[in-house]
Every structure is written in structure tokens, then in C-alpha cells.
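Thank you for asking for a colleague's reading of this model. The note is arranged as numbered points.

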Amino acid sequence: MSSEWIRPMTPDDLPAAQRACDAAFLEAERRDRRWNDPEPEPSDEPAARAWIEGIGHHIATDPGGCWVAETDGGEIAGLAVAQNRGTVWYLAVFGVLPGFQGKGVGRMLIDAALAHAGDRVCLISSSPHPGATRRYRLAGFTLHPLMRMSGRLDRSVLPKTEGLREGRPDDFEWMDALDVTLRGGPHGADHPHMLERMPLIVSSSPGERPGYVYLDANRGGPILLAAAQAETAENLLWEALAHTGETAAVGHITTANHWAIDVGLAARLDLGRDGYLAVRGVPEPAPYLASRHHL
């Protein structure tokens, strides 16, 4: 395989890239599925549209980190979408079609994405795939195992939360400052993008105990949570759980965030594994629950 196969991603690539990413992740989910997990299903049309919209935001915001691998026949064999936000680089999406794995495609995509990072702090939400974890470790990343809480929520134990309100665009300045403290850099353009698409709950006194959580627009629950203190983080997580239905899920829990496990256990959720958070140039963020696509 030659380097000519790796090229920048364009908006015209988005539909084909979505199908390739969906196929790659579906295969991975089936391989890593536990016996009691539901059978993985392909993305439905709304999920595919949301993916295209989200990656379109990344191309528009920082196109230099967006790459595809293309065959001689014009098929997209893989993709890597990375973004620079101030002093932080993160990998939003990385996937290679099953038939092209083990042939150097993934290595070249990751090399192209990492070249975009420069000397920035780096964050990756990694699957447990041995090839991915090996590649990240060899690139100097520290791998922090991720846990996930899920199951039927016991709503009878939900506490009354206080000191919270709906987030607004004028919160972004202190939210970015909190991001810098926790993860080494701001979310920047990702905050407006997320607020347009999902609810935001923040601490009502961010000067004293700053914290925020974005909620899944369809199912409730946390998508991204950051706080200066564990007490504020717990309050935000309980509020996020209150917005879910009968079932709930809390992902991206590292060992430095056992406060989230305590909340999940109190809510009668089950504990399971959830890949790795790979970081380079920054300690394990806490109190913090990363977003899969915005870290």
C-alpha cells in the first residue's frame, strides 16, 4: 500500500465515510460483545445523519486533522478525524474496514492524524482492540482503563439536586477555563456545537464550584461532565440520571473517577468495562467524564 491512498477528508466523503465507520465499529462491537450485551445493530438513519453532521463540524472547524484511506477503486477503507483545540489535540473518530485491517492502513491514518498534533496535549477514546491499543502505546500514550455503569435505574433513590441551572453561551468562558485545568486545554468551538444539539446543565455558582454536564438529547444521561470538585460532579451526575428513562448508562469512567462509580452503584446500575482513555502530556482528568467524540 502506498501513501497516495491517504488523503484529506472532504465534505463530499461524509456519506461513504459514515458507512465505513459504521461497518468498522459494528464488527468491533460484535467481537467485543459480552454474553449479556444486546446484539449490536447498524446505525439507523437519524444516527447516521447525526454522525455526518458531527464530523462535518470537525471538517469545517479543523480540516487539517481529517483523513481518509482510499483504494484504487475509490472505496473508503478507513478514516481518522482529529482536532486541535488550543493546546489540546484529540482523536474524534478512527476506524478501518475489517478487510483492510492488519495491512498498514490504520498505522498511516494515525500517523497522519498525530502529525497534526504538534506538541499539544493528546486525548483518545480507545476501543479495547489490540491493534489500536498497541499503536497508541507505541506513540507514547498512557492507557487508562475505562468502566461503564448501565442498567435499569432505581428512580426511588434519586436525590433532590440543588445549585444547578440550564447552561448558556455566556458560560463558555469559565467552562473553557475549567477544561484547561482538567484536560490541558479548552473545548473551544465544540461547546457551541454541542449546546445547539443537547441540553447543558451547569453549577449556578461557577465562581465557587464550577461544573457542567451535557445530556444525551434523546436518552438523557451524561455525554460530557467536568467539575472542579467531586461533590459538584456527583450533583451533576445525579441530575443527568434524573433526565433518563427506565434505563441509564454512564460511560468513560476512569479509576480516578470512582465518585461516578459510587453514584452508579447507588442508582442500582451495573459495572462493566468500556475500553481505554489514552492520554499524552496530561494526567488522568478528574473529576471528569469524557465525551467519545469531543473528549
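The points below cover the basis of the model, a sheet and its helix, the nonpolar cores, ring contacts and backbone geometry.

1. Basis. The model is predicted; local features need pLDDT of at least 70 and side-chain atom pairs count only at pLDDT 80 or more, while totals for chains, interfaces and linings use all residues. Residues are numbered from 1 along each chain as its sequence is written, and side-chain values use heavy atoms, with hydrogens and water left out.

2. Sheet. Five strands form an open sheet in the order β7-β8-β9-β10-β13, with antiparallel pairing. Helices (H or I, at least four residues) and strands (E, at least two) are DSSP runs numbered from the N terminus, and two strands pair if DSSP finds at least two bridges between them. β7 (164-166) and β13 are the edge strands; each has a single partner, so one side of each lacks a neighbour in the sheet. Strand β10 (residues 222-227) is joined to β13 by two bridges, and Ala226 lies opposite Tyr288 in β13.

3. Helix on the sheet. Helix α7 (residues 230-242) packs on this sheet and touches β7, β8 (200-203), β9 (211-215) and β10; contact means heavy atoms within 4.5 Å. The direction of α7 makes about 160° with that of β10, where axes are lines fitted to C-alpha atoms, for helices over the stretch in contact, and angles run from 0 to 180 degrees between N-to-C directions.

4. Nonpolar cores. The largest core has 64 residues, and those with the most contacts inside it are Met9, Leu79, Trp89, Leu91, Tyr212 and Tyr214. Its largest share, eight residues, comes from strand β4 (residues 88-96). A second, separate core of 24 residues includes Val213, Leu225, Ala248 and Trp259. A core is a set of buried Ala, Val, Leu, Ile, Met, Phe, Trp, Tyr and Cys residues joined through side-chain atoms within 4.5 Å; buried means under 20% relative accessible area (1.4 Å probe, protein chains only).

5. Ring contact. The charged end of Lys103 sits over the ring of Phe100, 5.8 Å from its centre; the criterion is NZ of Lys or CZ of Arg within 6 Å of the ring centre and within 35 degrees of the ring normal.

6. Backbone. Most residues other than glycine have a negative phi, and most peptide bonds are trans. His252, in strand β11 (residues 247-253), has a positive phi of about 60° and is buried at 6% relative accessibility. The peptide bond from Ala286 to Pro287 is cis, with omega near -5°.

Technical notes: Buried < 20%, exposed > 50% of the residue type's maximum accessible area, 1.4 Å probe, protein only.
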